[in-house]
Amino acid sequence: MSLGLDVEKNRRETLRWLIVLTLNAARPLGAGEVLIISAVREAIPDVTPRELRNEMNYLAERQLIHLVHENRPQWFATLTRVGIDIAEYTIPCEPGIARPAKYWPD
């Protein structure tokens with residue numbers, strides 16, 4: 001495996017985690033993609049709207065977020081119950097999201 005693929009994979013998985021964290025902070029209302037991308041750019045300054053939408057779609061397919069985008073110029077998302085549990089470390093996180101290991105006691 002080339003180093004380039006590892007960097008791209010890490011970027012995608014980190015972006016997914018940052019989306020989950022942003023939506024967790026925006027609970028219970030959720031957030032539009034403009035707010036999400038502005039929060040994510042603190043960690044990944046060059047993230048593109050297309051990348052954001054790709055990873056939001058991925059999270060929706062995994063049923064971690066509820067995504068509203070049909071007939072809308074801006075996508076809007078909220079965390080599902082499972083997404084909240086991932087953000088709160090109450091359930092295991094399957095591969096594909098760069099959730100850091102829990103280092104604090106319960």
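A charge is taken to sit over a ring if NZ of Lys or CZ of Arg is within 6 Å of the ring centre and within 35 degrees of the ring normal. In this predicted model, local features need pLDDT of at least 70 and side-chain atom pairs count only at pLDDT 80 or more, while totals for chains, interfaces and linings use all residues. Residues are numbered from 1 along each chain as its sequence is written, and side-chain values use heavy atoms, without hydrogens and water.

Arg16 lies over the face of Tyr58, 3.5 Å from the ring centre. Arg99 is placed over the face of Tyr89, at 4.3 Å from the ring centre.

Tyr89 also belongs to the one aromatic pair of the structure. Rings of Phe, Tyr and Trp (its six-membered ring) pair with centres within 6.5 Å; planes under 30 degrees apart are stacked, over 60 edge-to-face, the rest tilted. The centres of Trp17 and Tyr89 are 6.0 Å apart and the planes stand at 80°, so the pair is edge-to-face. Trp17 is in helix α1 (residues 3–25) and Tyr89 in the segment after α4 (81–87), 72 residues apart.

Three strands form an open antiparallel sheet in the order β1-β3-β2. Helices (H or I, at least four residues) and strands (E, at least two) are DSSP runs; two strands pair if DSSP finds at least two bridges between them. The edge strands are β1 (31–32) and β2 (65–68). Four bridges join β2 to β3 (residues 76–79). Ile65 has Leu79 of β3 as its bridge partner.
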